[in-house]
Amino acid sequence: MPKLQGFEFWSRTLRGARHVVAPMVDQSELAWRLLSRRHGAQLCYTPMLHAQVFVRDANYRKENLYCEVCPEDRPLIVQFCANDPEVFVQAALLAQDYCDAIDLNLGCPQMIAKRGHYGAFLQDEWDLLQRMILLAHEKLSVPVTCKIRVFPEIDKTVRYAQMLEKAGCQLLTVHGRTKEQKGPLSGAASWEHIKAVRKAVAIPVFANGNIQCLQDVERCLRDTGVQGVMSAEGNLHNPALFEGRSPAVWELAEEYLDIVREHPCPLSYVRAHLFKLWHHTLQVHQQLREELAKVKTLEGIAAVSQELKLRCQEEISRQEGAKPTGDLPFHWICQPYVRPGPREGSKEKSGARSKRALEEEECGTEILSKNKQKKQLRNPHKTFDPSLKPKYAKCDQCGNPKGNRCVFSLCRGCCKKRASKETADCPGHGLLFKTKLEKSLAWKEAQPELQEPQPAAPGTPGGFSEVMGSALA
C-alpha cells in the first residue's frame, strides 16, 4: 500500500483528528494516553524518545514502546529527538511498525535540549533539518511529521515551515511560542504566527499553545484555520478538557489509577500526574502534599488520593447552602493552572530577563522555591543570599573560578590545555607534562641498545640441519 501524504494521511490514517494530546516527557505514557482517549482525545503522541538511545538500547525500546502496544492506543505518533539523519532514520525504522507516523522534535526549549543539541536548538540549522526530513521521507513506510516553535518574525517562521514541507514533512505542529518563552517567561502563544503558517503550507497544521478549555480549542480552530489543536499542560490538569467537562478530580484520579494497574508505568509518572490533577487542592491541604511525595507504592498514592477525596467531600458538605470562601472555593474540580509570570513592579521587560535573574531575585526574598526549601531542610545552615556567597577570582580565558595555586592563573581546564601545549608543569593543578617528558627521555637514554638477533648458521645447534633433522626423524 502506498504511503499516504498530507491531507490524505490526516483524514484517513489519523481519522481527521482535531483533539490532540501533546508529547510530554514522562507524562504521555500509555496509561495517560488511554485515559485521555476515553475523554475526547482523538490522537496521541508518545513522550519524546532519544533516537540514539533507542537505536543502541533494546531495553529502552522495550520499556518505552514495544511493551506499550495496545489496540486502543491508535492513531499514535512516536516522537524522537535527534540531530543526525542516519541515527534518526535508524530509530524511526525500529519504531515505524508500532505507530502511524514518526515526529521529529524541533520544539523542546529546555536546557537539556541545548546541551544535547536537539529540539528547538536546531531551528537555525536548515540544511541539517532538510537532510533529516528528506532521508526519513525516503526510507520510512510511515509519514514523517515535525513539531516546531516559532521565530519572533512571522515571515521567517513561514519560510521555516515551507522548508520543512518541501523536505517531506507531512504534518506540522506549530507551538506559537519562541524557544526563549518558557517557565515564568512563557507568556501567551502567538496564534498569528500559526495562522500565517497554515495559510502558507499545503499540509495539515496543528496548533499548540493557550489551550485551557474546550472553548479555547474551538476558538483556535476558528481563528487560525488549523486542522487540529494540541494540548499539553491543559490536558495534564484536566484530561476531560476535550469533552468540555470539569469533573471532580477524584473521578479522573481513580480512573487513571485503575488504568495504571492494568498498564503499569514507573511510580514517578503516577505521582507527577496526581500532583497535577490535585494541584489546586494541595494548595489547601498542604500537609498531604508531603504524604504524596513520600509514598513508595501505587497503593500508597491511591490512599493519599482517597484521603484528599474525603476531605474535599467533607468541605463540600459544610459549604451546602453557604457562600463559598477562600481563594480556591471549588479546588476539587479539574480546572486550568495559570502559570505565574515574572514578578510585577520590575522595571525590566519580562522578555529580557533570564531564568537565572529570576532565581536570584527570588533568593533575595524570604520566600524560597520548593527545591531550595528542601535543600535547606537537609542543611539548615545553607544560605541562598547571593551577597554571602564566596567570591572567586575568575579564569582569564573562560570566566570559571581559577585555581588559587595555578602557575598560569587559569581554571583547571584551561590550565591543562596550556600546560599540554607548552609542555609545562602546574603543581597547583597536579599537571606534570614537563616532568613526565623528562623522566621518559632519561629512561630511554639509560636503556642499553637492544641487539637484533642474528640467524643461526646451518649445522650449529638450532641451525638449519638440526631443524630439518628433527622434521625428518
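User: Which residues of helix H5 are buried?

Analyst: Buried means under 20% relative accessible area, exposed over 50%, and partly exposed in between, with a 1.4 Å probe and protein chains only. Helices (H or I, at least four residues) and strands (E, at least two) are DSSP runs numbered from the N terminus. In H5 (residues 85-95), Pro-85, Val-87, Phe-88, Val-89, Ala-91, Ala-92 and Ala-95 are buried. Do keep in mind that this is a predicted model, where local features need pLDDT of at least 70, side-chain atom pairs count only at pLDDT 80 or more, and totals for chains, interfaces and linings use all residues. Residues are numbered from 1 along each chain as its sequence is written, and side-chain values use heavy atoms, leaving out hydrogens and water.

User: What do the buried residues of H5 pack against?

Analyst: Contact means heavy atoms within 4.5 Å. The partners are helix H3 (51-56), strand S4 (76-81), strand S5 (101-106), helix H7 (126-139) and strand S6 (144-149).

User: How do I read an aromatic pair, say Trp-126 and Phe-151?

Analyst: A pair of aromatic rings is described by the distance of the centres and the angle of the planes. Rings of Phe, Tyr and Trp (its six-membered ring) pair if their centres lie within 6.5 Å; planes under 30 degrees apart are stacked, over 60 edge-to-face, and the rest tilted. Trp-126 and Phe-151 are tilted, at 6.5 Å centre to centre and 55° between the planes. Trp-126 lies in helix H7 and Phe-151 in the loop between S6 and helix H8 (154-167), so the pair ties together parts 25 residues apart in sequence.

User: Is Phe-151 buried or exposed?

Analyst: Phe-151 is buried, at 4% relative accessible area, while Trp-126 is partly exposed at 22%.
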